[in-house]
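Hi,

Here is the structure I said I would pass on.

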Amino acid sequence: MSELVLGIDVGTASSKAVLARPDGTIAAQAQRPHELSLPRPGHAEHDAEAVWWDDVVALCRELLGRAGPPAAVCVSGIGPCLLPCDSGLAPLRPAILYGIDTRATAEIAELTERYGAGAIVARGGSELSSQAVGPKLLWLRRNEPSVWERTAGWYMASSFAVARLTGEYVLDHHSASQCDPLYDLQGARWAEDWAAEIAPGVPLPRLLWPGEVAGEVTAEGAAATGIPKGTPVLAGTIDAWAEAFSVGVRRPGDLMVMYG
C-alpha cells in the first residue's frame, strides 16, 4: 500500500498539489496558474470545468507520473463559492466566487431585513456580507431562472472536485458555516427552514467534517485523474481554514494574519 497522501488546493490564481508522506516529507509537488474572470463590476468568476476540474486532472496526472499513486486524497479550495450544476455534474454557469464577488448586495439587505441581523448572527455566527452564499443563491434564482430550473446541486471548489472524483454530493461543516443564513451553527446542521425559503427545490449537500471520508474514487474519476479506483477521498474544506490549521490555529484567541 502506498505511503503517500495527495493534497490539492484550488486557489484564486493557481492550483497546487503535493504528494507527501505521513511525516510531512514532500515526495513531489506541482502548480498550475489559471485565469480569474471579472465579466462586469462586482462579478468575480471561475470557469469550473476549465479551472477547477482541469487543474485537478492535470496536477494528479503530473504528480502520479513522478511519484506513484496515493493512499488517500484531500482537496481544499477557495470559498465560499457557488457553482450550480445539473444532475450530471455539468456546470450550468461560471462559479460565483467568495467575498470578492459583490453582486448580491440587494439580496443581502433583503434577507437581513427579513430575518433580522440579530437572529442571523445568533443562528449562523456572522452578519450577511458578500462572503455569504445564501444571498448569492437568491440572486441566481431571481436573475438566471433558466439556470435555477436545471440546478440539481451547488458546489464549492473542493466539493466539486470531491463530487467528480467520487460521485458524492457533500460539503464540510466549516464551508457550510459560510453559507449564511443557511447553516445553524449551534446545531451543526443546515437551517432547513430558511434554506427552503431562499433556495426552494434544490437539495442541500450532505454535511461531513473535513477529515471524514466522503467516498472512494470511481471508475470515471480514476480514468480522468489516474488515481486508482477505490482510493478514499476526504471531504476537505475552504483553503483558508486548512491554512489556519496548518500554522497552529486551534483555539479561540489563536491568530493568523493572511495576505493576498
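A residue is called buried if its relative accessible area is under 20%, exposed if over 50%, and partly exposed in between, using a 1.4 Å probe and protein chains only. Keep in mind that this is a predicted model: local features need pLDDT of at least 70, side-chain atom pairs count only at pLDDT 80 or more, and totals for chains, interfaces and linings use all residues. Residues are numbered from 1 along each chain as its sequence is written, and side-chain values use heavy atoms, with hydrogens and water left out.

Let's start with helix α6. Helices here are DSSP runs (H or I, at least four residues), numbered from the N terminus. The buried residues of α6 are Ala157, Ser158, Ser159, Phe160, Ala161, Val162, Ala163, Arg164, Leu165 and Thr166. That is 10 of the 10 residues of α6, so the helix is largely enclosed by the rest of the structure.

What does Arg164 touch, not counting residues up to four places away in sequence? Its partners are Glu49, Trp53, Leu89, Ala90, Pro91 and Gly221, where contact means heavy atoms within 4.5 Å.

Next, the core. A nonpolar core is a set of buried Ala, Val, Leu, Ile, Met, Phe, Trp, Tyr and Cys residues joined through side-chain atoms within 4.5 Å. The largest one has 78 residues, and Leu6, Trp52, Leu137, Trp154 and Trp190 have the most contacts inside it. Helix α1 (residues 48-67) gives the most to this core, with 10 residues. Leaving aside neighbours within four places in sequence, Trp190 is in contact with residues including Trp154, Leu171, Tyr183 and Leu207.

Finally, a helix pair. Helix α2 (residues 105-115) packs against helix α3 (residues 117-124) at an angle of about 90 degrees, with the axes 6 Å apart. Axes are lines fitted to C-alpha atoms, for helices over the stretch in contact, and angles run from 0 to 180 degrees between N-to-C directions. The two helices are therefore roughly perpendicular (under 35 degrees is roughly parallel, over 145 roughly antiparallel, 65 to 115 roughly perpendicular, and the rest oblique). Leu111, Thr112 and Tyr115 of α2 meet Ala117, Ala119 and Ile120 of α3.

Cheers
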